[in-house]
Amino acid sequence: MRVGLYLTFGLRLSTTIKIPFGFDLLWKGRIQGDDKGINPFNALMTSLSATIGTGNIVGIATAIFLGGPGAVFQMRMTALVGMGTKYAVAVLAVRFSETHENGKHVGGPMYYIPNGLGA
């Protein structure tokens, strides 16, 4: 939680302030009949499904059932702080990604921890 707050305020609350801009980009990118590549909405849904998973969906339902409205408030506050952490992890994954000899780009914690921290 402390790291999330540090990153959120270090990013000057841009992860929460720019939510409308993100949704604007998400819906502007959808062009009916354009089948060239993946559209922004499909990219978002694919990344969310890989990030969230079914365990978190069941966990939220259980928390709401057991905790009531307080659990919903707590989850929303945690999500606002967690956006800063997720943004930082995504930036590090892109910044310290590598290109294999076959031309494929790879990244993630297994690359940005050793490449970013060094020996």
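I began with helix 5 and found a kink of about 30° in it, centred on V81. A reminder to myself before going on: this is a predicted model.

Next I looked up the extent of the helix. Helix 5 runs over residues 69-95, 27 residues in total. From its first C-alpha to its last it reaches 39 Å, close to the 39 Å expected at 1.5 Å a residue.

Which residues of helix 5 are buried? I noted A71, V81, G84 and A88.

Then I turned to the largest pocket, which holds about 1400 Å³ of space. I listed 30 lining residues, and the closest to the centre of the pocket are T15, L44, L48, M83 and K86.

Where does the lining come from? Helix 2 (14-17), helix 3 (19-28), helix 4 (40-67) and helix 5 each supply at least two residues. Helix 5 gives the largest share, 12 residues.

I also sorted the lining of this pocket by residue class: 19 are nonpolar, eight polar and three charged.

My last stop was L92, which also sits in helix 5. Is L92 buried, partly exposed or exposed? I put it down as partly exposed, because its relative accessibility is 34%, and the class lies between the buried cut-off of under 20% and the exposed one of over 50%. I checked one C-alpha distance here too: L92 and Y111 are 19 residues apart along the chain, with 9.1 Å between their C-alpha atoms.

Methods. Residues are numbered from 1 along each chain as its sequence is written. This is a predicted model: local features need pLDDT of at least 70, side-chain atom pairs count only at pLDDT 80 or more; totals for chains, interfaces and linings use all residues. Side-chain values use heavy atoms; hydrogens and water are left out. Helices (H or I, at least four residues) and strands (E, at least two) are DSSP runs, numbered from the N terminus. The expected span of a helix is 1.5 Å times one less than its number of residues. The bend at a residue is the angle between axes fitted to the seven residues ending there and the seven starting there. Buried means under 20% relative accessible area, exposed over 50%, partly exposed in between (1.4 Å probe, protein chains only). On a 1 Å grid over the protein atoms alone, a cavity is a set of points where a 1.4 Å probe fits but cannot get out, and a pocket is an open set with protein on both sides within 12 Å along at least five of seven lines; lining residues have an atom within 4 Å of a point. Grid points are joined across faces, edges and corners, and a volume is the space filled by probe spheres set on the points. Ala, Val, Leu, Ile, Met, Phe, Trp, Tyr, Cys and Pro count as nonpolar, Asp, Glu, Lys and Arg as charged, and the others, Gly among them, as polar.
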